[in-house]
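My entries follow in the order of the searches.

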Amino acid sequence: MSLNFRFAVVSDLHIAVPHTVWDHPSRFHLVEVGIPALEIVLRHLEQLDLDFILLPGDLTQHGEADNHAWLSDRISQLPFPAYVVPGNHDFPSLLPNERSIGWADFPRYYRKAGYDDPTQLYYTCEVLPGLRLIGLNSNQFDAEGKQIGRLDDTQLAWLEQVLAQTKDEFVLVMVHHNVVEHLPNQSQHQLGRRYMLDNAPVLRQMLRKAGVQLVFTGHLHVQDIAQDDGLYDITTGSLVSYPHPYRILHFRTDNYDRKWLQVESYRVGEVPGWTTLAQTSREWIGERSLPFMLRLLTDTPLNLPTATAEKLAPSLRYFWADIAKGDAIFDFPQFPPAVRRYFEQFGAINRDGIPTLIDNCTTLLL
């Protein structure tokens, strides 16, 4: 079947209706712009001939019932279907409490967004003839109640059965945690691995075996397209942090049966009351980046002395903001050679060191 469809991805909305906004002094997310930013995005998308929209998790600030109810109602009004999966913020604890919903509550809010079965936190559906979506739940809890990014064995067994029945369909997968590394050595570094699916190698093997080529993730709050042996992980930055991005994608099959995915990225530059949103949010991240940059400099593999790290860290004030924007090229000539090379590898370069600007706007031949 010759597929031709257009869809959008908006990730990590962190929706917070006004009376729920947490004004923590060290928070990274500008959650108060989430609703007005989403309204701007949806007004744009509603003017387009879209087939559906994907929302890859962290739909709410911290799993508040009022925020889930607001978002569920809003996306039900769209002129095209919306599909969601939960992020780590969407039920921070296994059981509900005075602040947040629990694990079992989530599907009941999103019965019109993929969850036909309110007893299961993952699903599959035929989005269009010949096109199947699989939505996975990567939020698990260990014996101590700590949240971890992992697919449980029951879900993996279910997924294996679903994939075995998709021989004549093109499959999209959506999951909150990253499946392919978007940062150098992400799965090993203590600052990066919390954003990776703990058993990502297992999932990658299953998807490759089934011929799946596209996975859509969030969580990391950056614009990045990563590829591992034919499997693309397209992660989209957060709507409530710099640069407030969203994506519009067009999949088509040409006359030679080749599959193409055109990716376009857009940004919300201002919302009412925030006319300099882009500049403000970039500075917001820069002002809060110092502790993380010091940790990156003093941790493995650099292991720099604290005194050296403190001298270098101010030059990295906008490092994470530039990564979040996507397609960044880094060069810190004032750094020692080994440190300079280390930070260069975070840029949009391929294994040969050649700039490869595909994070925001590109066309992929699948």
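**Aromatic rings and a pocket**

I looked up F292 and found it partly exposed, with a relative accessible area of 40%. I note that the model is a predicted one.

I then asked which residue pairs with F292. F28 and F292 form an aromatic pair that is edge-to-face, with 5.4 Å from centre to centre and 85 degrees between the planes. I placed F28 in the loop between β1 and α1, and F292 in helix α7, 264 residues apart. F28 is also partly exposed, as its relative accessible area of 25% falls between the limits of 20% and 50%.

I counted the aromatic pairs next, and the structure holds 29. For F5 and F251, I read 4.9 Å between the ring centres and 15 degrees between the planes, so this pair is stacked. F5 belongs to strand β1 and F251 to strand β12, so the pair ties together parts 246 residues apart in sequence. I found both F5 and F251 buried.

I also noted one aromatic cluster, whose members include F91, W103 and F141.

I looked for charges over rings. R282 lies over the face of Y318, 4.3 Å from the ring centre, and the charged end of R288 sits over the ring of W284, 3.7 Å from its centre.

Last, I examined the second largest pocket, which has a volume of about 880 Å³. Among its 31 lining residues, those closest to the centre are E181, I225, A226, Q227 and I349. Strand β10 gives the largest share of the lining, five residues. I sorted the lining into 14 nonpolar, nine polar and eight charged residues.

Technical notes: Residues numbered from 1 in each chain as written. Predicted model: local features only at pLDDT ≥ 70, side-chain atom pairs only at ≥ 80, totals over all residues. Heavy atoms only, no water. 1 Å grid on protein atoms, 1.4 Å probe; cavity = no way out; pocket = protein on both sides within 12 Å on 5 of 7 lines; lining within 4 Å. Points joined across faces, edges and corners; volume = space filled by probe spheres on them. Helix = DSSP H or I, 4+ residues; strand = E, 2+ residues; numbered from the N terminus. Nonpolar A, V, L, I, M, F, W, Y, C, P; charged D, E, K, R; others polar. Phe/Tyr/Trp six-rings, centres within 6.5 Å; stacked < 30°, edge-to-face > 60°. Buried < 20%, exposed > 50% of the residue type's maximum accessible area, 1.4 Å probe, protein only. Lys NZ or Arg CZ within 6 Å of the ring centre and 35° of its normal.
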